[in-house]
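Work through the exercises below with the model open. Try each task before reading its solution.

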Amino acid sequence: MSSLLTAAGAAPPVRSASAVVAKAARGFHVFRVDGYSVTTTLPAGERLTSQPFYVGGRCWYVDYYPNGGIDDSADSTDSNAIAVYLRLQGTHIKERVRAEYKFGLLDSTGTAAYELPAEMGIFSSPGRAGAGYGGGNESAAGDPGCGYASFFTKEDLGRRREILLKEDSLAIRCDVAVAEVGPLAVAPPVQMHDARMGRGRGMVGRWGGRGRGGYGYDNYCGGDYDYESPDEYDDGSHEGGGKRGQQPPDDKEFIRRCLAAQRRKD
């Protein structure tokens with residue numbers, strides 16, 4: 001039998017190449033809770049949720065439980081400790097993500113006054129919706145994320161009030177690191193011929209990894225594809241004009257601004 005790969009008279013072969021590059025994406029979020037003493041009046045098991053933040057091309061939330069974590073039912077008494085969890089935003093796509101996380105409490109200068117060692121966890125998005133106080137209404141239902149049911153006792157918070165609860169404000173820092181995979185150009189754009197139209201088309205794929213389980217891409221054939229995570233985008237909000245390429249504040253200055261922001265007067 002003759003081989004189609006070596007058949008005479010065949011059209012020139014269509015050539016293509018593709019590659020992916022994996023990198024460690026990391027970031028942190030500072031969740032400031034003003035009016036800590038008021039939050040302790042919430043029922044056991046209820047949470048306050050941070051605004052969404054992006055690391056590794058995914059959306060995350062920090063959940064703060066002032067009177068005990070997810071193991072406490074509505075009939076249980078208040079816990080003697082606060083609970084904190086990191087949670088992956090739920091989407092319509094089912095996926096599991098492995099990420100490293102670390103929680104700490106900051107003093108009024110932004111310095112870590114208490115922190116636990118980093119841990120690795122598995123975060124799930126079953127494609128359903130959940131809800132809670134504050135943001136995070138598109139969370140993964142049934143998956144509280146990873147964290148600590150007894151992160152820090154209220155008694156210890158009271159003893160260290162001058163450091164951790166200045167002006168009745170609690171500052172929680174959460175660090176996150178996760179693998180991020182994206183396409184890498186390794187060949188010139190490929191010309192694919194559409195027989196119906198009678199002309200060539202330059203085919204360039206798109207980033208679509210989570211449709212393949214979280215760590216891949218779809219239909220990429222060469223070309224210069226510029227991709228970046230939302231957390232790497234400069235929106236021009238920092239001082240000095242906000243032009244791309246301008247040096248942003250370092251971590252310590254960033255945290256200092258977060259903690260120094262004035263509470264809105266109602």
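**Exercise 1. Classify Arg161 as buried or exposed, or in between, and find its salt-bridge partner.**

Step 1. Arg161 has a relative accessible area of 36%, so it counts as partly exposed. The cut-offs are: buried under 20%, exposed over 50%, partly exposed in between (1.4 Å probe, protein chains only).

Step 2. The side chain of Arg161 meets that of Asp168 in a salt bridge, at 3.9 Å from N to O. A salt bridge here is a side-chain nitrogen of Lys or Arg within 4 Å of a carboxyl oxygen of Asp or Glu.

Step 3. Note the basis. This is a predicted model, in which local features need pLDDT of at least 70 and side-chain atom pairs count only at pLDDT 80 or more, while totals for chains, interfaces and linings use all residues. Residues are numbered from 1 along each chain as its sequence is written, and side-chain values use heavy atoms, with hydrogens and water left out.

**Exercise 2. Find how many salt bridges the protein has, and examine Glu155 with Arg159 and Glu95 with Arg58.**

Step 1. The count is twelve salt bridges. Side chains of opposite charge can pair when their charged atoms come close.

Step 2. Take Glu155 and Arg159. Their closest N and O atoms are 3.0 Å apart. Both belong to helix 2 (residues 154-159); they are four residues apart, so about one helical turn separates them. Helices (H or I, at least four residues) and strands (E, at least two) are DSSP runs, numbered from the N terminus. Glu155 is exposed at 56% relative accessible area, and Arg159 is exposed at 57%.

Step 3. Take Glu95 and Arg58. Their salt bridge spans 3.5 Å, N to O. Glu95 sits in strand 6 and Arg58 in strand 4, so the pair ties together parts 37 residues apart in sequence. Both residues are buried.

Step 4. Look for a network. Salt bridges link Arg47, Asp63 and Arg87.

**Exercise 3. Which residues have the most contacts inside the largest nonpolar core?**

Step 1. Define the set. A nonpolar core is a set of buried Ala, Val, Leu, Ile, Met, Phe, Trp, Tyr and Cys residues joined through side-chain atoms within 4.5 Å.

Step 2. The largest core has 32 residues, and Trp60, Leu86, Phe103, Phe151, Leu157 and Leu170 have the most contacts inside it. Strands that each supply at least two of its residues include strand 1 (20-34), strand 6 (95-106) and strand 11 (169-183).

Step 3. Another core, of six residues, lies apart from it; among them are Phe28, Val30, Ile255 and Leu259.

**Exercise 4. Where is Ser169, and what does it contact?**

Step 1. Ser169 is in strand 11. Its relative accessible area is 16%, so it is buried.

Step 2. Leave aside neighbours within four places in sequence. Ser169 then contacts Arg32, Val33, Asp34 and Leu164. Contact means heavy atoms within 4.5 Å.

**Exercise 5. Where is confidence lowest, and where is it highest?**

Step 1. Start with the average. The protein has a mean pLDDT of 75, and 66% of the residues score at least 70. pLDDT is the predictor's confidence in each residue, from 0 to 100.

Step 2. Confidence is lowest in strand 13 (residues 199-203), with a mean of 39. It is highest in strand 2 (residues 48-49), at 97.
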